[in-house]
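Please keep the sequence and the structure in view while reading.

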Amino acid sequence: MELDPLLLSRIQFAFVVSFHAIFPVFTIGLATYIALLEGIAYRTRDPHWARLSQFWIKVFAVVFGMGVVSGLVMAFQFGTNWSEFSYRSSNFLGPILAYEVVTAFFLEAAFLGVLLFGRNKVPPGVHLFAAVMVAVGTFISSFWILSANSWMQTPAGFELRDGMVHVTSWLEAIFNPSFPYRFLHMAVASLLTGGFVVAGISAWYLLRGHATRANGRALKMTLIMLAVAAPAQLVIGDFHGLNTLEHQPAKVAAMEGAWETRAGLPLLLFAIPDEDTETNRFEVGIPKLASMILTHEWDGEVQGLKEWPAAERPPVGIVFWSFRVMVAIGTVMIAVALWGAWLLYRRRLADSRNYLRLLTLMIPLPFLAVLAGWFVTEIGRQPYVLYGVITVQEGLTPSLTGGMALFSLVGYMLVYAVVFTAGIYYLTRIVRAGLPESLDEPDHAQGRPKRPLSAADTPLDSATGS
Amino acid sequence: MYDFTYVWVLIIGFGVLMYVLTDGFDLGVGILFPFARSEQDRDIMMNSVAPVWDGNETWLVLGGAGLLAAFPLVYSVFLPALYIGVFLMLAGLIFRGVAFEFRFKAAPGRRGLWNAAFFGGSLVATFAQGAVVGTFIQGFETENFRYIGGPLDWLTPFTVMTGLGMVAGYGLLGATWLLLKTEGETQQWARGWAYRLLAALMVFFVIVSLWTPLTDAYVRTRWFDHLTWLWILPVATVLVAAGLWRSLSCCYEATPFISTIGLFALFYAGLLFSKWPYVVPPNYTFHDAASAPESQLFLLIGLLFVVPFVLMYTAWTYYVFRGKVRADAGYH
């Protein structure tokens with residue numbers, strides 16, 4: 001069998017970026033939460049808040065470390081596998097990615113050290129400042145990287161000269177049409193991810209009667225945030241969808257499983273899209289609802305996939321189903337968040353053990369929703385890497401062979417399997433160890449490194465799991 | 001039309017040198033790891049670089065993004081040409097990073113695995129970087145601004161030589177760093193390794209310096225057609241190496257490390273001037289490789305504001321973790 005470097009590179013990119021994405025999406029939300037906890041602790045001088053913050057900083061350190069390591073690969077993968085795309089779009093993407101490094105990565109690296117190990121080394125105000133800087137750094141980082149991604153989806157502010165991108169307006173290119181929606185959607189997704197993890201673990205502790213006062217407060221404030229953010233995400237997602245309809249109608253057609261251009265498009269709840277016959281099998285839908293959502297009119301017309309030649313359509317099935325997975329999880333998140341807010345309002349949260357159990361089960365869901373959402377947007381823009389300008393086929397490294405791509409794909413899978421296993425094992429140990437009893441850190445002297453994972457002192461291997 | 005290409009040569013040159021020097025010494029510590037006298041010494045060695053290594057590696061990310069921004073041709077030719085080597089380097093850096101984090105958490109009996117990962121990752125990453133240097137000297141098969149060579153063109157006897165030379169060089173940076181950061185018998189041990197690695201490095205220096213002009217007409221013309229001021233570089237290299245050798249014999253602690261930095265700076269200058277103005281030899285110069293002037297300017301303006309701050313807090317980090325690393329204080 002002939003190895004296809006394009007297919008293998010796409011699988012490798014999807015694998016590496018999916019693996020990488022789950023870490024920042026969590027750390028962005030968590031960094032904000034930690035900064036908030038530090039702020040409250042600073043204002044109230046109440047040790048419960050500082051204790052909570054100290055625990056979550058440990059978790060943050062491990063997750064951030066894994067994000068850094070997997071992010072290193074991302075910085076080079078554009079060049080190794082997609083050199084033609086990188087070269088032709090370098091005049092925009094180069095400065096944007098470089099700005100991310102100098103404005104975000106260095107900032108995070110420096111202040112993370114103070115946040116992780118500096119509680120007893122710097123004045124409380126400086127420590128709080130470090131927490132805020134780390135949170136700001138994660139948002140600056142997502143600003144640049146989402147600007148770059150959005151520009152690939154909805155390119156603007158440039159012209160092509162001899163096939164090379166030349167920027168004509170930096171403002172238009174950076175704040176390209178889909179960027180505000182994507183940035184907001186992702187920022188809120190990060191808050192939801194961080195929020196549901198914090199809520200789930202706090203609930204888990206409450207069920208076990210561990211540090212109930214601190215965890216009860218954590219759960220309370222997280223639920224209030226989630227009750228606002230989860231429904232808000234629905235609205236933001238709707239706007240994002242409308243923006244996609246305007247700029248990438250083929251993607252929306254795939255999301256809706258719509259083959260024919262028609263008025264009164266039904267919202268499909270279930271279907272198996274078949275690309276060969278250009279129809280759906282086992283269709284179950286709500287009449288006219290998709291038209292209502294997309295055009296805000298019951299009889300609004302929505303373009304179907306047949307408007308585009310087969311070669312310019314994205315793969316339909318995976319986009320269609322990823323979108324449903326994302327929306328379904330989003331709906332569950334809204335329901336759970338509102339239920340929690342209601343229990344909170346009725347002051348019955350602490351007695352609702354079933355609800356607390358449900359919260360712990362929610363932990364993996366936001367990660368799945370985020371990955372599903374990225375599958376929709378990335379697979380939905382196929383066959384283009386720079387939408388409407390450069391296809392993935394054209395963007396591929398010309399000298400790349402199938403054998404090379406297979407070699408690196410298998411390699412990264414093996415490497416990440418080790419990293420991920422070790423990381424999850426270690427995170428589990430931190431959570432099992434519980435909140436720190438007091439804030440008196442042992443004096444590490446030289447052993448207070450700023451590197452991420454070592455903030456977590458839980459010994460591995462020594463204790464057996466409980 | 002304005003042209004900032006030379007400014008960008010300086011900026012990228014500075015960034016790459018910062019990376020080589022800073023990650024160089026912490027990779028070097030990894031290379032020396034299996035030769036440590038005891039597990040306790042390994043703790044000290046790791047702790048001496050623990051606070052700074054991930055900041056050091058950020059310069060590598062900046063190097064990647066900076067090249068894409070300022071000299072995209074370098075990015076889009078080097079990375080495909082070195083596809084396998086880049087994978088090995090990244091895998092090495094990842095394993096090494098993980099080892100860093102988990103060695104201290106592992107039970108003493110299980111540390112061997114992480115020790116091996118730390119050494120192996122450092123060694124492979126260093127070798128790969130040395131091979132990049134060799135590949136740069138060797139040149140790239142290109143056509144119409146694209147790499148058209150094979151997957152293993154980068155792996156030749158010559159690049160194996162430069163890869164090993166880099167191992168000796170980073171090893172020396174690591175040894176002289178430890179000389180600065182440790183005391184007593186550990187320091188004596190580091191001193192012993194510094195002698196050996198300096199000798200090895202100079203052997204590689206001579207071999208590469210002779211091999212390059214013999215096989216590369218462009219380099220031969222540059223150095224041997226007539227006497228140029230470039231000859232200051234090898235003369236200075238020999239003088240600095242001699243000074244470094246002498247400083248190892250006695251009580252100096254910082255001088256060996258600073259001298260090693262000097263050696264690296266001289267090698268680096270020699271390398272650039274040998275090939276100047278070519279950056280993707282043998283076909284493309286810095287100007288051919290440069291991005292559009294408006295892109296160079298857009299990033300340059302931001303860097304002028306941001307980079308001074310980056311340098312300030314980086315320096316501050318080193319200041320916070322200054323002084324000797326001691327065994328009893330090193331555990332975390």
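In this predicted model, helix 7 (residues 212-247) of chain A packs against helix 10 (residues 316-345) of chain A at an angle of about 140°, and the two axes lie 8 Å apart. Because angles over 145 degrees would count as roughly antiparallel, helix 7 of chain A is described as oblique to helix 10 of chain A. The crossing of these two helices is left-handed.

The contact can be followed residue by residue. From helix 7 of chain A come A:K220, A:L223, A:I224, A:L226, A:A227, A:A230, A:P231, A:Q233 and A:L234, which meet A:G330, A:M333, A:I334, A:A337, A:L338, A:G340, A:A341 and A:L344 of helix 10 of chain A. Sorted by class, this contact comprises 13 nonpolar, 3 polar and 1 charged residues. An α-helix has 3.6 residues a turn, so residues three or four places apart point the same way.

The view now widens to both chains. In the interface, 60 residues of chain A are in contact with 65 residues of chain B. On the chain A side, the elements that give two or more residues are helix 2 (47-81), helix 3 (83-117), strand 2 (164-167) and helix 14 (402-433). Helix 3 of chain A gives the most, with 19 residues. By class, the side of chain A that touches chain B has 34 nonpolar, 21 polar and 5 charged residues.

Within chain B, helix 1 (residues 5-31) has 27 residues and reaches 36 Å from its first C-alpha to its last, close to the 39 Å expected at 1.5 Å a residue. Helix 1 of chain B also has a kink of about 35°, centred on B:G24.

Technical notes. Residues numbered from 1 in each chain as written. Chains lettered and ligands numbered in written order. Predicted model: local features only at pLDDT ≥ 70, side-chain atom pairs only at ≥ 80, totals over all residues. Axes fitted to C-alpha atoms, helices over the stretch in contact; angles between N-to-C directions. Helix = DSSP H or I, 4+ residues; strand = E, 2+ residues; numbered from the N terminus. Parallel < 35°, antiparallel > 145°, perpendicular 65-115°, else oblique. Left-handed = near helix turned anticlockwise from the far one by under 90°. Contact = placed C-beta atoms within 7 Å. Nonpolar A, V, L, I, M, F, W, Y, C, P; charged D, E, K, R; others polar. Expected span 1.5 Å × (residues − 1). Bend = angle between axes of the 7 residues up to and from the residue.
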